[in-house]
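Welcome, and please open your viewer.

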Amino acid sequence: MAWIDALFKRMVEVGASDLHMTSSTKPQFRLHGDIVPVKECDPIPPDQMQLIFKEICIPSVWETYETTFDADFAYEIPGLARFRGNLFVDSRGPAATFRVIPEELLTFEELGLPDVAREFCMLSKGLVLVTGPTGSGKSTTLAAMIDFINKNRADHIITIEDPIEFVHQDHRCLINQREVKQHTASFKRALKAALREDPDIVLVGELRDLETIEIAIETAETGHLVFGTLHTTTAPSTVDRIIDQFPAERQSQIRTMLSSSLKGVVAQTLCKRQEGGRVAALEVLAVNSAVSSLIREGKTHQIMSVMQMGAKSGMILLNDALTKLVASGEVAPREAYSKAIQKDAFVDSLHAAGVNWHPGVVGQAPMPASPLPKAAADMPADLTPEHGEAPPAASAAAPLGLMPGPQPALPSEERAPGVTGEQQPLEDPFEQYKRQRG
């Protein structure tokens, strides 16, 4: 039993999603979205941290870490869970982040996935993308979709991951899971090879670069169902991200290919539940003929309008998903507001749903004290004299230039000879010349 196994067991017991290990610091869990120190542990010095990591790494992973100072790998405790690990080095020494991968796959019902996600799983060909920020549960959603296919279809599935997270057992499908750097050199190499391996369905853990995206689109066009992930926050921005990856001279061609191959986008964002835990807010784009036309014609900014009218097709806007979570009491308005992209529209959506909430101003610094003395500061804002009365005289303590009335005169030595008024008059240049000549 490795030393770190006790932390992994504790992590699963409390329901934490991640474990952060940093040299000279206490280990810390991400619990319901917050970073929480593990009180039972002492700070771990760099030399001990090095030994802790080496104990759970296979030689090839450790060699990669020592060479590049970064390494991805998976670690399993049988009967408990698998953990996706990333080793790295920071200013304090060796460090790592581990994410728990449950042994039991969650179902559509447990994840709250919409019915249209099942329809995506039953497609014969096309490209389906699950997107969202890091840590938003993309891998969990994809695992549920692959598990649904595994139990309802009789196909050949190939997964390409870095590293392998959820392990699938064969049910009705034959599943081959390949890990980048362990079973293949890269995503794009494995994706090219997959075309010669007779797959029906291909899962690409991450569409990282232009070539991988291009091969994925071509694979979808050649009669395969391809699942992939991107780090985008909304469905329309996912389409833009794919197109923008390509040079300008190729974007017209890619728009045409994408308009026929893209079948759906599920963009998800995790929100903190009011009663603890987290729940996903899902934006769903089901590509129909109208959306295909907009992609082909380069009018992706209009996709949002089609989604607003596409509820019958299973389309869901992020603001509508967030509003539903707030109206049901699962998520606090402030939390949902922080996750919304179009914040003003989200507030309007809340009001339309009968939730009377306003964002207000958070973290605004208090106004500084008035620069005027208290007597002047208490005066009404309208200082217009009434009935011809003169305005109040300026207090001697008031800063210059802040009170009404004439400004102090210049010192006497700066005035022209014989001038005693508050303003120095302009002298005729000819008279000035005569006076200077005597």
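Buried means under 20% relative accessible area, exposed means over 50%, and partly exposed lies in between, with a 1.4 Å probe and protein chains only. This is a predicted model, where local features need pLDDT of at least 70, side-chain atom pairs count only at pLDDT 80 or more, and totals for chains, interfaces and linings use all residues. Residues are numbered from 1 along each chain as its sequence is written, and side-chain values use heavy atoms, with hydrogens and water left out.

Start by selecting lysine 181. At 56% relative accessibility, lysine 181 is exposed. You will find it in the loop between S9 and helix H7 (187-194); helices (H or I, at least four residues) and strands (E, at least two) are DSSP runs, numbered from the N terminus. Lysine 181 is not a glycine, yet its phi is positive, about 80 degrees. Most residues other than glycine have a negative phi, and most peptide bonds are trans.

Next, select histidine 32, in the loop between strand S2 (28-31) and strand S3 (34-37). Its phi is also positive, about 55 degrees, and histidine 32 is partly exposed at 35% relative accessible area.

Now pick aspartate 162 and proline 163. A cis peptide bond joins them, with omega about -10 degrees. Proline 163 sits in the loop between strand S8 (156-161) and strand S9 (174-179).

Finally, go to valine 265 in strand S12 (residues 262-272). Is valine 265 buried or exposed? It is buried, with a relative accessible area of 0%. Leaving out residues up to four places away in sequence, valine 265 has contacts (heavy atoms within 4.5 Å) with residues including Phe120, Leu129 and Val284.
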